[in-house]
Amino acid sequence: MAVQTQMQSSRPGASEPAASRAGLKMDARDVKVFYGSKQALRGIDLSVGECQVTALIGPSGCGKSTFLRCLNRMNDTIENCRVEGLITLDGQDVYDRSIDVVQLRARVGMVFQKPNPFPKSIYDNVSYGPRIHGLAAGRDEMDEVVQKSLQRAGLWNEVKDRLREPGTGLSGGQQQRLCIARAIAVSPEVILMDEPCSALDPIATAHIEELIDELRENYTIVIVTHNMQQAARVSQRTAFFHLGEMVEVGDTEEIFTNPRDERTQGYITGRYG
Amino acid sequence: MTDFAANDRPMPVYQSDAFARRLRRRYAAERRFRLYGIAAIGVALGMLAILLGSIVSKGYTAFWQHDVVLEINFDPQEIDPAGTRDPAVLGGANYQALAREALRERFPEVDSRSDRRALNDLLSVGAAYELRSMVLENPDLIGTRQAVRLPLSDDADQLLKGNIRREVGQTERRVDDRQIGWIDALEADGAVVSGFNWRLMANGDSREPELAGIYAAAIGSALTLMITLAMAVPIGVSAAVYLEEFAPKNRWTDLIEVNINNLAAVPSIVFGLLGLAVFLNLFGLPRSAPVVGGIVLALMSLPTIIITTRAALKAVPPSIREAALGIGASRLQVVGHHVLPLAMPGVLTGTIIAMAQALGETAPLLMIGMVAFIVDIPGGFTDAATVLPVTIFMWADSPERAFVERTSAAIMVLLAFLIAMNALAIILRKKFERRW
């Protein structure tokens, strides 16, 4: 408790480097999240650049996943969860009344920690999103969407002969790539990834990391990770969270080589976390 | 405190006698516990075996019945003196006289009034009905002589099955010595035949045990269950989906949940009283009708369906919901496309268990008049009807010896239905079960 209050009093400016190289895609200003009476986020300011990978790192329970889930309003489904502050997508407030949350989640897709394919066929997994959003007219177009999504997720060659088999029968890494294919099938602008590799072995992880690097060309990606090497490898910008605050944000290289805050330094050098 | 670094002395604790004793005690306790479990299962299975054994041993004889083959003279003078072949005339003829005539022909020596009555008592009153329907179906029989298979009375049947003991004094049994003599004579002649008791399966209820059947009750049960199913499943599943997936978690929903759980424990007769007060007295629905019985049983099975459906919905992993929400499915789509289909095996199991419970329910139906003695086979949801368990209840109440075995037989039929329904539940669950 004492640590927490001390942290709060010594809250740093945490201002970002003046201009990110890429255009601004999503922007969070003074975001506070409460679960009941417990405050999980204490005023986060963070901007997400277009076609960039932004990594959120920090010890467990520091609020990175909570923040990630604010970006596509997945927190709406949690009882007693209250979000304050402003989050914009292309300058538009995502918590505005006029925003349709279903449409928002189609634009801001999500990949979860544990691979969670639907217990349906591989084809149905990928085609589900386009089907409910009416993105493909007719079978041929749907086949094309499915193929393209699986190709982009780097899974096509492995599954093209067994599209009718259940998605749950794939290996863990394949399942996670299937989930990524499912997310990109609805042509989102932003993809949120919540520790996408934490349940995977190193080879599958390397596969996903390559994939993230390729996806960067077309999509804006925000990734939460516990693996600092991963953050260093895949991201262009990194934000360090600690106890519900964002301590520091900057270019990944700079955060890892020359952190300004000693808590950041302590974390990335493995002194705590 | 202790110096663990010192390795010059052996580990004292794990090799001591005290430790060995503790270990032995632990093994003994485990063995005892396992024995208790086996004993408990043994007792439970034993009880079940006694129950089933007593029902089957009492009831299996009801599945066959003794008939007598008599040479019937379809006398035109008796049936249709004017020769009109008018169904009204044919239906009104005295067929009992024909049957009795045929029996008397076999025993010409019987002439005193009381002897003749005793002889007539060997034949079931159903013999007349069966002759009548034969003639109505085929009027060409009139004027011919035919060997016809007719039901014996329940007492004669019981004697032939050995359920009436011959060695007791004749005042203490339902069949006197004269009748035993005639039955033995008929049997010696080969006129007594026994076969599967179709009347038990195809007839409605009757005061005469040899004619009583469960068909009308089975139809009544089917009609009642149809109403129950049609009402309870949509309402129960919708309520469960709303409470589990959409409703906010607050004091009101907590209150509703507590009340649903309490309703599941309310004695079923209370639902019957509610049905009597509301559906019969207030809404004026017909008495003894499957529609009212179905509604009452639906009310009774709603809590079961809601509770099992909620449990099934809860068992669907939240990751599936998140996955669907994450690609922009609305909450209704999440439930309709993913959660409910995955919960379906559980929902089906709950539904079938609730239906099996409803099928075996008696008390609430007594309150709404389904306990009435109803002979006719119900033709619709508003006809007077009764159900299988109520028939069992009424037969168990009847004094005739023959109803004892019929009660057990009806219980066996009801159990067969219940086993079939539970088997269906298991098959459906296995079929739709998915892994994730």
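Tutor: Strands E1 (residues 24-35) and E4 (residues 81-89) of chain A run antiparallel to each other and are joined by eight bridges. Strands here are DSSP runs of E with at least two residues, helices are runs of H or I with at least four, and both are numbered from the N terminus. Two strands count as paired if DSSP finds at least two bridges between them. One bridge to look for links Met26(A) with Leu89(A), which lies in E4(A).

Please keep in mind that this is a predicted model: local features need pLDDT of at least 70, side-chain atom pairs count only at pLDDT 80 or more, and totals for chains, interfaces and linings use all residues. Residues are numbered from 1 along each chain as its sequence is written, while chains are lettered from A and ligands numbered from 1 in the order in which they are written.

Now step back to the whole sheet. It is open and has four strands in the order E2-E1-E4-E5 (chain A), with antiparallel pairing. The edges are taken by E2 (38-49) and E5 (92-93) of chain A; each has a single partner strand, so one side of each has no neighbour in the sheet.

Helix H2 (residues 64-71) of chain A packs on this sheet and touches E1, E2 and E4 of chain A. Contact means that C-beta atoms, placed from the backbone, lie within 7 Å. The direction of H2(A) makes about 120° with that of E1(A), where axes are lines fitted to C-alpha atoms (for helices over the stretch in contact) and angles run from 0 to 180 degrees between N-to-C directions.

Chain A also meets chain B: 22 residues of chain A are in contact with 17 residues of chain B. On chain B's side, H14(B) gives the largest share, six residues.

Note on methods:
Contact = placed C-beta atoms within 7 Å.
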